[in-house]
Every structure is written in structure tokens, then in C-alpha cells.
Amino acid sequence: MSGRHNNKLPTNLPQLQNLIKRDPRSYTEEFLQQFRHYQSNIQIFKHQPDKPNKDLAELVMFLAQVGHCYLEELSSFPRELTELLLNHHTVLEPDLRMTFCKALILLRNKDLIEPTSLLELFFELLRCHDKLLRKTLYTHIVTDIKNINAKHKNNRLNTTLQNFMYTMLRDSNPIAAKISLDVIVELYKRNIWNDAKTVNVITTACFSKVTKILVAALTFFLGRDEDEKKDSDSESEDDGPSARDLMVRYSTGKKTSKNKKKLEKAMKVLKKHKKKRKVEVFNFSAIHLIHDPQDFAEKLLKELESSKERFEVKIMLMEFISRLVGIHELMLFNFYPFVQRFLQPHQREVTKILLCAAQAAHHLVPPEIIEPVIMTIANNFVTDRNSGEVMTVGLNSIKEIVARCPLSMSEDLLQDLAQYKSHKDKNVVMSSRGLIQLFRDLNPHMLHRKDRGKPTESSAEARIQDYGELEAKDYIPGAEVLELEEEPKGDDDEDGWESASMSEDEDDDGEWVNVHHSSDEDQEEVVEKLQSIPAEERKAKAAAVSASRLLTQDDFKKIRLAQMAKDVSAAPGKGQKRKKADSDEEERGELLTLRDIERLHKKPKSDKETRLATALAGRTDRKEFVKKRTKLNPVTSFSTVLGLGTMPLCLYIYSYSWMQTGGVQIPYLNIGITLIVPVLFGVLVNYKWPKVAKIILRIGSIAGGLVMLAIGYLAGFIITAIARQPWNRSENTLCSAGLSEYLLGAAVLRHFH
């Protein structure tokens with residue numbers, strides 16, 4: 001059995017590989033034979049490295065497969081392959097080069113080669129003009145670094161590789177630099193290299209002269225992580241009053257329409273407060289990890305002003321700079337006049353430019369810097385000479401800018417824009433109402449008296465802080481409600497309810513939980529007491545409560561409920577004026593989206609070309625509704641063509657005996673001409689002028705039927721008159737012949753109609 005195997009093994013490497021993996025010691029001699037064969041092929045290869053060598057490729061893969069079985073004999077094998085690739089990778093045949101790389105990857109997977117030297121080699125090989133090889137190397141680099149940092153992060157190795165990639169980003173070969181950037185970005189997205197050093201290495205690519213590298217770096221910073229896109233709406237019950245608490249408060253007692261409206265209003269306020277209280281997600285913190293963002297933004301702006309890239313790349317640069325300014329609250333005053341130049345309705349991608357202007361606004365920018373931008377938008381967009389969509393985009397942009405920098409809005413401009421609430425376009429109306437609603441929360445006194453809405457406690461206290469002003473409070477706002485809620489407890493103790501509940505809590509075995517629900521009357525009493533207390537006394541009580549006790553989660557829940565009541569309850573001495581305008585405001589996070597600028601409350605009308613294109617596109621798949629052009633009798637064409645030959649044939653068959661005597665001569669030529677010429681003429685007319693053919697067919701059929709009817713009557717009358725028959729017989733013959741021809745004519749008319 002062994003002799004039979006030995007005879008086949010030198011030429012059957014897969015079989016030998018399988019046997020060596022089972023029992024390496026038994027096949028040492030065969031392995032050494034193949035190893036010597038490999039060494040001789042290496043010497044031949046060095047003389048002609050650009051020639052294909054199939055035997056060498058098979059031997060290299062064989063040795064890589066069994067490398068873990070003979071560690072001493074193959075100790076220099078990885079180093080030899082590495083040197084061959086370093087010295088001859090530019091002239092190697094592509095398949096042989098790919099085989100060498102796969103062999104090294106196999107050795108790395110068996111931990112027979114150090115990752116540092118191999119990854120540095122692969123980064124050098126990225127310069128090769130072989131797309132399949134580059135894709136293979138990219139996949140292995142990412143996977144290998146991921147496996148290295150799977151259990152714990154290898155900081156020493158990561159630092160070495162990051163330094164090497166930093167040099168690769170400056171490589172003269174744009175392909176190698178681009179793949180190196182892709183590797184760094186992919187490792188960051190997989191949370192393997194998510195430190196500040198990685199981010200600042202990527203920032204160097206933003207100044208690359210290669211467009212693809214620049215776009216890749218900008219795309220990385222302008223992207224969002226998947227965790228940030230997910231809406232984490234689920235919040236703990238201890239964080240504040242829940243929707244159930246509000247329903248218990250406003251639904252208990254008498255059910256009236258007034259309580260129903262109060263509940264709806266309170267639910268909206270609860271949703272708004274939850275969005276304000278929602279913790280921002282910073283999982284994608286690339287922009288936050290940039291060192292010295294002020295200097296970086298200034299360099300980017302200088303690069304943008306002198307850039308000769310495509311307009312799309314310039315838009316990406318503007319978006320990145322605006323995010324840097326907005327998130328880090330930078331002072332980059334030259335950016336706003338640069339953006340202001342592009343604020344025209346006919347400008348390409350003008351909504352993205354408006355988004356940049358809104359994103360770059362923040363409360364630390366002086367109002368006189370932002371005011372020219374707002375005036376430019378108002379003069380160029382919010383005018384009656386523009387369409388409703390353009391005006392809507394302008395109003396939305398102004399709203400987003402002043403939401404971040406309220407001091408930049410003047411009272412005259414605000415009242416002017418508020419008058420568009422009665423515009424004929426629904427989108428303009430809703431955008432104007434959104435701006436009005438924004439200033440009802442910020443500073444209602446800037447609006448006309450009729451636009452201020454129903455005054456509430458929060459709106460009465462609302463004001464816009466001056467530039468650079470900070471309001472630091474030494475107490476917890478709303479804490480005075482805790483002192484007011486403690487007062488009625490003495491009355492409850494007199495009734496014995498509290499003592500009874502306490503005794504039940506002591507005797508129970510942990511199965512029952514005492515839940516306290518405040519009634520509508522108690523809450524209304526607390527709100528009324530708060531309104532009756534002066535503001536100064538309220539602050540003093542809040543300061544006393546804040547300094548005298550440690551607040552629990554239940555206490556904070558009560559405080560938030562009382563603060564929400566300020567947005568619901570009317571101000572002291574004010575009755576209900578009007579229903580508060582509903583606003584579809586969403587959460588304002590760090591970043592704006594195009595939807596905030598392009599928000600249209602009503603779908604715009606399509607123009608004639610769009611409607612026509614939609615109609616034509618919808619007709620292609622609606623064949624069942626298309627009028628089918630079918631013949632009344634599908635056999636008519638066949639019978640007509642067949643009749644041209646069968647009529648002379650029938651004449652020949654039936655008159656054959658007479659034709660033999662020579663007494664009868666049948667004019668076949670005249671018959672053929674009489675039949676073929678009218679038929680061909682009708683086919684030609686029907687082919688060239690189908691509409692005319694239909695008209696001729698209708699007129700001919702009607703005229704033919706009438707002529708046949710007249711011939712029947714006249715023939716019957718003339719024959720009886722020649723035979724000198726009495727009048728009664730002539731009348732009978734006339735009617736019988738006429739009716740028979742009439743039926744034939746009616747059949748013809750019915751057939752064609």
C-alpha cells in the first residue's frame with residue numbers, strides 16, 4: 001500500500017498534503033523531496049521573474065499548507081516569500097503574485113509570521129496595478145487587525161500600524177493612499193481604531209490634492225453612525241412624569257371637553273420636554289475628537305476659497321466647515337460672507353448652502369455677523385415674486401438660523417415675516433406659523449399682540465439673553481412645589497388614611513406596592529397656589545428647599561410636572577384667548593438635515609410635462625384597458641384569398657365535360673383580373689389610408705344594401721308588368737322579391753356595422 005502511494009505522491013501534491021497533515025513524521029522524506037524541488041524552482045525564478053511558473057505556484061501553496069507541520073525546515077520560508085514580493089512585485093506575473101500573497105495570508109492565519117512585517121509588505125503591494133490583488137489585501141488587512149484586537153487592544157501594534165498608515169496617506173501613489181484611508185475609516189467604523197489619533201490622521205486627508213482621497217475623508221466626517229440614527233424614545237419612568245400620569249390627572253373626575261383639550265395640550269408639552277431632556281448620543285464622535293478645531297477650520301476655509309474642485313466637492317467642504325463651526329462654536333467670521341455670495345434662488349444646490357448657513361450659526365457669533373445673512377435670505381427668497389416653495393425654503397432657513405442665534409432677528413423683520421401667515425400658499429403659511437411659534441417660546445414681546453397666542457407662565461418669563469450673558473442659578477427652579485405639597489399632608493393624617501396605609505405596608509409580605517395617584521383637584525390647587533405666590537417669594541422658597549434637603553427622583557419628577565404646568569396653564573389674570581397653534585417642531589440636535597430646510601407641508605403641484613410623462617408611463621402596463629383592434633370575422637382574409645383560386649377551380653371542375661367538346665370557352669384571365677384588381681386596390685387603400693378605408697367601407701355597405709333593396713322591388717314589378725299579370729299578383733311578386741332582397745341587404749349592413 002505504501003509503495004503504491006509513493007509512486008503517486010511526487011506528482012500528486014494534494015494527496016501528499018492530506019497525508020502529511022495526518023502523519024507528518026511518516027512523510028518527511030517526501031516533503032524534503034518537494035522542498036528541494038521548490039528551492040531549485042526559486043533559483044530558476046530569480047533569473048526570469050517576469051515569466052509564469054505554474055510548478056512554483058503549486059509548490060508554494062503546498063508548503064504554506066503544511067508549514068505548521070515542519071517548523072524547523074520552513075523557518076525561512078515566510079522571509080523568502082516576503083523578499084521575493086518586495087523585490088519583484090512590479091514585474092511578477094499577476095497570478096503568481098496573487099499565489100504568493102495567498103500563501104503569506106495562510107501562514108499569517110496559522111500565526112507563523114509576524115503581523116507587523118506582513119501588513120507593511122501588503123501596504124507596499126497596494127501600489128500594484130492589480131484591482132483583484134488590492135481588494136484581497138484590503139480585506140485581509142481589515143480582518144487581521146480586527147482579529148488582533150478581538151480579545152484586547154494591542155496598543156503597541158496599533159501605534160506602529162497607525163504611524164505607518166500616516167506615512168502611506170502621504171504616499172505619491174494615489175491608489176495606495178486611497179486604500180490606506182479606506183482601511184482607517186473601516187477600522188474606525190468597526191470601533192477598532194476609534195481614538196483621537198485615528199481621527200486626526202484622517203484630517204490630513206482633507207488637504208489632499210487627489211479628489212478621491214479628499215471626498216473619502218469628507219464623506220467620513222459628514223456621515224453618521226447607525227446608533228445616532230436610531231431614536232431612543234424609551235425612557236425610564238423615574239426620569240419624569242409619564243403619559244399615564246397625565247392621563248390620570250386629566251381623566252379623573254368629570255369628563256368635559258375642557259379637560260380633554262388640557263390633556264392634549266399637556267401631552268404635547270410632555271413630548272417637547274422629553275426631547276429637550278433627551279441625552280445626546282456621541283457614538284460617532286469623529287468631529288469632537290479633532291485637535292485644535294479652530295485652526296483646522298481656518299485652514300479648510302482657506303483651502304475652500306482657493307479650491308478649483310468640482311462644485312459638489314466645494315459643497316461638501318462647506319458642509320464640513322459649517323459642522324465644525326456649529327458643533328465646536330468656533331469664531332470663523334469670514335465663512336458667513338463666503339456663504340452669503342451663493343444665497344440666490346437660482347443657485348445650484350441652494351438648499352444645501354442654506355443648510356450650511358444655518359448649521360454654522362450659534363449663540364457666540366455676534367448678531368451683526370449673522371444679520372446680513374438673514375437679510376439676504378429674506379430679500380432673495382421671501383418675496384412675492386418667487387414661488388411658494390422658494391419662500392418656504394427661505395422662511396425655514398431663517399427659522400433655523402434664529403433658533404441658534406436669536407439676537408440676529410430684528411423686531412421689524414420678524415413682524416414682516418409673520419404677516420405671511422395669511423399667504424395663499426399653504427407651505428408659506430405653515431412656515432410663517434412655525435417662526436411665530438418659535439418666538440412665542442423665545443420672546444413673545446417681539447411679535448404683534450395678536451400673534452403672541454395665549455399667555456402662559458413660561459411665556460411671561462421668556463426673554464432672549466443678551467450677547468455673552470449667562471444665567472447661573474443657585475437654586476433648582478420649581479423646587480418650591482415640594483414645600484407646597486407637604487402642607488396638605490397634615491389634613492390627610494387627621495382622616496386616618498395615611499396611618500392605615502402605613503400599617504398595611506408594615507403587615508404585608510412584600511406582595512403589594514402602595515401607588516399614590518394625585519387627583520386633578522390636588523394638582524389644580526398646587527398650580528393655583530404657585531400662581532398666587534410672587535416671583536421673589538417663589539425663588540426664596542425654591543432656594544430654601546434646594547439647600548435644606550437632598551432631592552430624590554420622585555422629587556425631581558414633581559418639579560418637572562410643575563414646570564410643564566407652566567406651559568399649559570394660563571398666566572395669572574389671563575383668560576383663554578385662542579387655541580395654541582400646533583407646531584410640528586422636532587428635536588433640534590447638533591446637526592441639521594435637509595428636511596429641516598426643505599420641509600413642505602403640502603405636496604407641490606406637478607407641471608404639465610411631469611403629468612404627461614406620468615400618464616404616458618402608466619399606459620405601458622395597462623394593456624387590458626387599451627382598445628383591442630380585432631376583426632369582426634378573423635376568417636375573412638383567409639376566405640377572400642382562397643376565393644381568388646377556388647372560383648376558377650370550381651369553374652374548371654364543373655365545366656370540364658363541356659370544355660372537352662370545345663363548345664364552351666371560359667375566360668380565366670378576365671375572371672382573375674376582375675377578382676384580383678379590386679381586392680388589391682382595397683388592400684392598398686386600407687394599408688395607406690386606414691381611416692379612409694373605414695369610411696369607404698361604411699358608405700359602400702349602406703349604398704349596396706339600399707341598391708339591392710331597390711333592385712328587388714323594381715325587378716319584381718317589371719317582370720309582372722311584362723307578363724301582363726293582374727295588379728294583385730304584381731303586388732304580391734313585388735313584395736316577395738323586395739323582402740328577400742331586403743333581408744340580404746340587412747344582413748350585409750348588420751355584418752359591417
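Predicted model: local features only at pLDDT ≥ 70, side-chain atom pairs only at ≥ 80, totals over all residues.

Residues are numbered from 1 along each chain as its sequence is written, and side-chain values use heavy atoms, with hydrogens and water left out.

**Stop one: the cysteines.** Select C101 and C128. The structure holds 0 disulfides (a disulfide being a pair of cysteine sulfur atoms within 2.5 Å). For C101, the closest cysteine sulfur is that of C128, and at 7.7 Å it's too far for a bond. C101 is buried at 1% relative accessible area, and C128 is buried too, at 5% (buried is under 20%, exposed over 50%, partly exposed in between, using a 1.4 Å probe and protein chains only).

**Stop two: S432.** Jump to helix α23, residues 426-442, where S432 sits (helices are DSSP runs of H or I, at least four residues, numbered from the N terminus). S432 is buried, with 0% relative accessible area. Now show L417: its backbone oxygen is 3.0 Å from a polar atom of the S432 side chain. Beyond neighbours within four places in sequence, S432 is in contact with L395, L417, A418, Y420 and K421 (contact means heavy atoms within 4.5 Å).

**Stop three: I718.** Finish in helix α36, residues 690-722, which holds I718. How accessible is I718? Its relative accessibility is 44%, so it counts as partly exposed.

Key
Helix = DSSP H or I, 4+ residues; strand = E, 2+ residues; numbered from the N terminus. Polar contact = N/O pair within 3.5 Å; in protein donor to acceptor, adjacent residues only side chain to side chain.
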